[in-house]
Amino acid sequence: MQNNYQLVETRLQEKCDDGRTVCNLCLWRCRLRHGQRGFCQAHVNRNGTLYNLSYGIVSSAEVGPIEDKPIRHFRPGTKVLSVGSYGCNFRCTGCHNLEISWGVDALDELARGESRAAFITPQELVRAAIAAGVQGIAFTYSEPAVWLEYVIDVCDLARAKGLYTDRIGSEIGYSCGNTNQCHTWIERRCRKFGSHFALDQGSPWPR
Ligand code: SF4
């Protein structure tokens with residue numbers, strides 16, 4: 001792994017008196033002891049603080065037309081850099097992104113500090129997007145909420161460079177431990193960055 005890999009504290013965590021932490025990034029609201037990882041496998045409690053293991057760990061990246069994404073009528077005719085990371089809070093039957101979304105082995109290596117996965121800073125990702133000639137960045141392949149710390153940092157930089165951003169999740173309504181706290185918070189942040197919310201067309205969840 002590159003030397004600049006960093007563990008970043010999970011946003012929207014609650015620290016309990018007994019050393020456990022509650023993650024409020026999605027409806028699982030995992031309550032974790034030291035050493036435990038959340039259902040998504042991407043967040044770990046270390047000595048009473050929750051960290052996102054997958055920050056900056058890009059499991060897949062691809063440049064293509066926005067029309068390839070499962071959304072409609074959003075920036076037609078543009079090219080987008082699609083990126084995703086390991087870890088997902090869903091276990092969908094027939095997931096076509098299994099190797100790059102669950103990625104439990106990769107997350108095990110990250111948790112042990114043995115990963116050789118490429119770490120890409122938000123600055124490097126935005127630079128790569130500009131070099132690729134795309135007009136936007138889409139967070140996809142697994143549920144973007146489980147690496148929201150990275151998504152927000154990239155959105156901040158991307159918007160400053162004139163790129164649009166797009167969160168493509170199977171279940172935006174699920175990315176909230178508390179409807180009024182997390183969902184509204186994510187939506188507000190995405191609006192601030194002009195980021196687009198998109199539900200996967202195959203989502204089984206109510207829209
Ligand atoms: S993102 Fe969801 S599944 Fe992952 S640790 Fe947080 S609450 Fe649990």
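**Fold, helix packing and ligand shell of the predicted model**

Of the 207 residues of the protein, 43% count as buried, a residue being buried if 20 or more other C-beta atoms lie within 10 Å of its own, exposed if 12 or fewer, and partly exposed in between, with C-beta atoms placed from the backbone. The structure is a predicted model, in which local features need pLDDT of at least 70 and side-chain atom pairs count only at pLDDT 80 or more, while totals for chains, interfaces and linings use all residues. Residues are numbered from 1 along each chain as its sequence is written.

The protein has 5 helices and 11 strands; these are DSSP runs numbered from the N terminus, with helices being H or I of at least four residues and strands being E of at least two. Among contacts between residues at least 6 apart in sequence, 70% join residues at least 24 apart, where two residues are in contact if their C-beta atoms, placed from the backbone, lie within 7 Å.

Two packed helices are described by the angle between their axes and the distance between the axes. For α3 and helix α4 (residues 148-160), the angle is about 50° and the axes are 9 Å apart; axes are lines fitted to C-alpha atoms, for helices over the stretch in contact, and angles run from 0 to 180 degrees between N-to-C directions. The two helices α3 and α4 are therefore oblique to each other, given that angles under 35 degrees count as roughly parallel, over 145 as roughly antiparallel, 65 to 115 as roughly perpendicular and the rest as oblique. On the α3 side, P122, Q123, L125, V126 and A129 make the contact, and on the α4 side Y150, D153, V154, L157 and A158 do. By class, the residues of this contact are 8 nonpolar, 1 polar and 1 charged; Ala, Val, Leu, Ile, Met, Phe, Trp, Tyr, Cys and Pro count as nonpolar, Asp, Glu, Lys and Arg as charged, and the others, Gly among them, as polar.

Neighbours within four places in sequence aside, L125 is in contact with V83, I120 and V154. L125 and A158 are 33 residues apart in sequence, with 8.9 Å between their C-alpha atoms.

T140, in the loop between β9 (136-139) and α4, has 25 C-beta neighbours inside 10 Å and so counts as buried. T140 is 57 residues from V83 in sequence and 5.9 Å from it in space, C-alpha to C-alpha. A117 sits in the loop between α2 (104-112) and α3 (122-132) and is buried, with 20 other C-beta atoms within 10 Å. Its C-alpha is 6.7 Å from that of I57, 60 residues away in sequence.

The backbone holds two points of note. Most residues other than glycine have a negative phi, and most peptide bonds are trans. L12, not a glycine, has a positive phi of about 60°; this residue belongs to the loop between β1 (8-9) and β2 (13-15) and counts as buried, with 21 C-beta neighbours inside 10 Å. R29 likewise has a positive phi, near 45°. R29 is placed in the loop between β3 (21-23) and β4 (31-32) and counts as partly exposed, with 17 C-beta neighbours inside 10 Å.

Finally, the ligand. Of the 14 residues around the ligand, C23, C26, C30, G38 and C40 come nearest, a residue being near if its C-beta atom, placed from the backbone, lies within 6 Å. The shell divides into 10 nonpolar, 3 polar and 1 charged residues.
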